[in-house]
Amino acid sequence: MWDRSRGIVAVRNGYRVVMSLLGILDRVADVTTFDKAIEPARQAVQSTLPQAVKDVLHGTWLGHPLHPVLAQVPVGSWLSAGLLDALPPLRPAATVLIGTGVAAAVPAALTGAADWSEQSSGVRRLGALHAVANSVALGLYVSSLAARSRGRGTLGRVLSYAGLGVASGAAAIGGHMAYAESSGASHAATAARALAPDWIDLGPLDDLPERRPVLRTGRGNGVAVPLAAVRRGTRVDVFIGTCAHLSGPLHEGAVAEIRGHECLVCPLHGSAFDLATGHPRRGPSADPQEKLEVRMEAGRVLARLPAHQR
Ligand code: FES
């Protein structure tokens with residue numbers, strides 16, 4: 001029997017045999033007893049970091065999540081150090097790479113903590129496990145550096161190889177969060193893929209209220225795709241209606257000026273998307289919100305995906 005969602009299970013000779021790493025992680029995501037420890041940590045991250053700092057850490061300014069950009073530095077440095085440690089003349093270079101990875105782990109952890117604090121509860125549980133494993137790996141690498149500095153090279157290499165094993169497990173959990181749980185994906189881009197490329201009639205301009213997002217619906221592949229339309233005078237901006245961050249309903253949001261830009265603000269976690277461009281002006285979303293082309297015809301509003309998405 002194979003059940004991905006439960007993490008298991010083959011029964012052989014009366015014993016249950018673990019078959020699926022994904023399933024184990026899915027089970028971890030369901031364990032609510034972790035929340036007693038996780039929730040205070042989440043609140044501490046959210047209340048300690050000013051919004052501007054959080055936006056830097058999310059990558060809102062970059063238009064791309066910053067955590068995967070920074071996380072590759074410790075992972076790459078430590079993996080390379082493992083290879084160099086296998087070649088005795090190159091071991092001093094391995095020590096330099098381990099130090100580089102230790103230093104780079106700090107900003108990578110900060111970006112991860114900022115993103116983690118704005119995730120759904122199941123992903124936060126996995127993220128907590130990811131963080132604990134990375135902390136253990138970091139401790140092993142710091143201990144390895146200390147051992148190497150005292151001339152205990154063999155112990156240093158044992159500790160760093162142990163760190164590499166733990167860090168690899170942590171990276172696998174992070175990959176599961178990003179790919180299987182879509183924690184870093186643009187949910188708006190996913191919704192846009194379902195939309196047919198034709199012009200969509202959104203109804204008369206006069207039916208749209210001023211400066212208040214309203215729900216309109218597009219179609220594609222037999223499914224309804226929510227759209228959020230905002231009218232300002234004779235101008236209408238139309239977005240995919242599911243927020244890039246975690247699919248919040250943008251038509252239930254509000255129009256507000258954020259950092260000098262007129263934005264559509266998500267009602268769930270407050271991401272603010274520039275009405276003119278869809279670029280995030282405030283996180284937690286680091287991804288832009290998908291925006292449609294708009295034209296008027298006989299007083300009606302028509303919208304369609306831009307050319308690069310059709
Ligand atoms: S769903 Fe989180 S900001 Fe929109």
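Visitor: Hi! Where does His245 lie?

Guide: Hello! In this predicted model, His245 sits in the loop between β6 (235-240) and β7 (254-258).

Visitor: Is His245 buried or exposed?

Guide: His245 counts as buried, because its relative accessibility is 8% and the buried class covers values under 20%.

Visitor: And which residues does His245 touch?

Guide: Leaving aside residues up to four places away in sequence, His245 touches Glu118, Gln119, Ala185, His187, His269, Ser271, Pro284 and Ser285. With Glu118 there is also a polar contact: a polar atom of the His245 side chain lies 3.3 Å from the backbone oxygen of Glu118.

Visitor: Let me zoom out. How many helices and strands are there in the protein?

Guide: The protein has 8 helices and 12 strands. Its C-alpha trace spans about 80 × 55 × 40 Å along the principal axes. Of the 310 residues, 43% count as buried.

Visitor: What domains does the assignment give?

Guide: The domain assignment gives domain 1 (31-180) and domain 2 (187-309). Taken over C-alpha atoms, the centres of domain 1 and domain 2 are separated by 36 Å.

Visitor: How many residues of domain 1 are in contact with domain 2?

Guide: On the domain 1 side there are 13 residues, in contact with 14 residues of domain 2. The area buried between domain 1 and domain 2 is about 900 Å², and carbon and sulfur atoms give 52% of that area.

Visitor: Which residues in domain 1 lose the most area to domain 2?

Guide: Those are Thr60, Gly63 and Glu118, which together make up 49% of what the domain 1 side buries.

Visitor: New topic. Where does UniProt place the feature "transmembrane region"?

Guide: The unreviewed UniProt entry places that feature at residues 93-114, 126-146 and 158-179.

Visitor: What does the chain do over residues 126-146?

Guide: Residues 126-146 are 100% helix and 0% strand, with the end C-alpha atoms 30 Å apart. Residues 158-179 are likewise 100% helix and 0% strand, and there the end C-alpha atoms are 32 Å apart.

Visitor: And where does UniProt place the "domain: Rieske" feature?

Guide: According to the unreviewed UniProt entry, that feature is at residues 199-303. Over this span the chain is 0% helix and 52% strand, and its end C-alpha atoms are 5 Å apart.

Visitor: I'd like to look at some strands. How do β4 and β5 pair?

Guide: Strand β4 (residues 214-220) and strand β5 (residues 223-232) pair in the antiparallel sense, over 7 bridges. β4 and β5 form a hairpin with 2 residues between them, and Asn221 in the turn has a positive phi of about 50°.

Visitor: What about Ala298, what is its phi?

Guide: Phi of Ala298 is near 50°, again positive in a residue other than glycine. Ala298 is found in the loop between β11 and β12 (300-304). Ala298 counts as exposed, because its relative accessibility is 80%.

Visitor: Which peptide bond is cis?

Guide: Look at the bond from Gly283 to Pro284, which is cis with omega near 20°. Most peptide bonds are trans.

Visitor: Last one: is Thr48 buried or exposed?

Guide: Thr48 is exposed, with a relative accessible area of 58%. Thr48 lies in helix α2 (residues 35-48), and its side chain reaches the backbone oxygen of Ala44 at 2.5 Å.

Notes: Residues numbered from 1 in each chain as written. Predicted model: local features only at pLDDT ≥ 70, side-chain atom pairs only at ≥ 80, totals over all residues. Heavy atoms only, no water. UniProt positions renumbered as here; feature names shortened; annotations may be inferred. Helix = DSSP H or I, 4+ residues; strand = E, 2+ residues; numbered from the N terminus. Buried < 20%, exposed > 50% of the residue type's maximum accessible area, 1.4 Å probe, protein only. Polar contact = N/O pair within 3.5 Å; in protein donor to acceptor, adjacent residues only side chain to side chain. Pairing = 2+ DSSP bridges. Domains from an automatic or database assignment. Contact = heavy atoms within 4.5 Å. Buried area = accessible area lost by both parts, 1.4 Å probe.
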